[in-house]
Amino acid sequence: MAGRTKKNTKYSSAAANTARRGENVPAPRKRKRRGSPINVLTLILFAIIMLYLVKYAVDFASGGSDIGIETVDYGTIDIPKSFDGIVVRDEYVVSAAKSGEPSFNYGEGDKIKKNATVCTIIEGENARKAEDKLQTIDESIIETQKNRLDISKYKDDIVRTENAIDSAVSSAQTRIASGSFTDVYTLRSAVQTQMDLRTEIWITENSESSDSLASQRRTYQTQLNNSTENLVASEGGILVLSCDAQEEKFTSETMSDITPQDIKSSYDIQYLSKTTGVEAGNPVFKIITNNKWYICAYIDSSVAADWEVGDKKTIKASVDKTEKSVDVKINNITQGDTDTFVIFETDKSILDFLSVRNIEFYITDSSYQGIKIPNTAIIEKTFIKIPVGCVVESLSGKSVVKRTDGKDELVSIDIESQDDEYAYIRQDLEALKIGDTVLMGTGETATEYKLSEVSTKVGVLTANGAYAKFAGITVLGQNSEYTIADPSSSSLKAYDKIISMAEGMNEGDEIY
């Protein structure tokens, strides 16, 4: 109590003095502490920011409540594993009119000249005996005529044929030595032709005489002619000892009409023997008249979408359990909704595919590497095409001069991509759109250009920030699930986040 009295002494003295002066003494007041308005506002803002950050962190961690987001990376796709096709060649089949045993003058794969006797059908044992007798007589005649060469009236013709043989051998030696093995067939044919001609000269000269050899030869020749059939090549080409009865159906003139069912069908190959007897009316051999041949196939449209006539490809196919590779180019292409009809053309490696009709093949460039993107993320966006001469530099970057009712306005533009002729920009209905007029050039030489062309670009919507943004891509390849984009010419980069299901999404949509 003493302490409390002492504490209020000053106040009590002042109150006593005031009372003596007759003044009212006010009661002592308690002071109230008031909060600062700035502190209250700070707390409210802080609470809002914290709520937003919590929501943002949860959405970011989960990728959003209903928007699929994934990070793209480098990858590889195969397009696709294999294709089925039909081989088309210009070819014809030669059949026998008589039954008998074939005697071939050439082997499979040999080059045959037009009108050359490819095969002789010998009918019966009597024909075989007559042929043997003729061969013996011809050898005797040739030996006799060789000894009489100096007095032969056909001496110049014989010398000419022998010189032709020497010339053919000399001219072919260099080419064969350099690796041109096809010249072996040419040399063989040239030498054989000249030797046959020389033999015919010797036999003809002897046959003009009346000796016993000439008389015997005429008798046996008549007997042989009545019991043999010579099968000749009506057109020159490559000899093939197989056929499938489709030679007249699938030709270079009819291949554009090949259907998917034609390719799915299987065709039995009949292999022709050089020694087994043949029946009248049956095929004996086939001649392929042209080194150029074709593969017709229906290709998945997603694979052939960017193919053009003249594009070069390399295909691989299995023939007799051995993988063969051949370079081809696209001869014709017909786009379809799901499948595209493609005709490949080549003049290479025909000897490897002489007996092939149905073919399963691979394309070596069907594997692509780059940024791997799910097809569900791919979208198309339309851009206005503006001539590069309309684009000017301004303080704000790239701009164009827009003219409306005679008034000019500088409009900033965002160029998505650019080539030698055009810049491609997003259409902004408020700033710049199709139908607007811009100026091309500067100063008094400037001319008006009306925006009227658009271009569709393929790309994805990135999710690197809070809003979706379009990023254009250059497609290298695509299969049914994924697309491979070229990282060097695409706006999309590895490790970017993209919207994996872009249907219904637009650029500028909020993501988180």
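I take helices (H or I, at least four residues) and strands (E, at least two) as DSSP runs, numbered from the N terminus. The model is predicted, and local features need pLDDT of at least 70, side-chain atom pairs count only at pLDDT 80 or more, and totals for chains, interfaces and linings use all residues. Residues are numbered from 1 along each chain as its sequence is written, and side-chain values use heavy atoms, with hydrogens and water left out.

Entry on positive phi. I looked up aspartate 405 and found it in the loop between β21 (397-404) and β22 (407-412). Its phi is positive, about 50°, although aspartate 405 is not a glycine. Most residues other than glycine have a negative phi. Aspartate 405 counts as exposed, at 77% relative accessibility; buried means under 20% relative accessible area, exposed over 50%, partly exposed in between (1.4 Å probe, protein chains only).

I then turned to alanine 245, in the loop between β10 (242-243) and α8 (260-264). Alanine 245 also has a positive phi, near 65°. Its relative accessible area is 67%, so I noted it as exposed.

Entry on lysine 313. I placed this residue in strand β14 (residues 312-319). Is lysine 313 buried or exposed? It is buried, with a relative accessible area of 9%. Leaving aside neighbours within four places in sequence, I listed its contacts (heavy atoms within 4.5 Å) as Trp307, Val326, Asp327, Val328, Phe344, Ile363 and Asp365.

Entry on cysteines. I looked for disulfides (pairs of cysteine sulfur atoms within 2.5 Å) and the structure holds zero. Cysteine 243 is buried at 6% relative accessible area, and cysteine 390 is buried at 0%.
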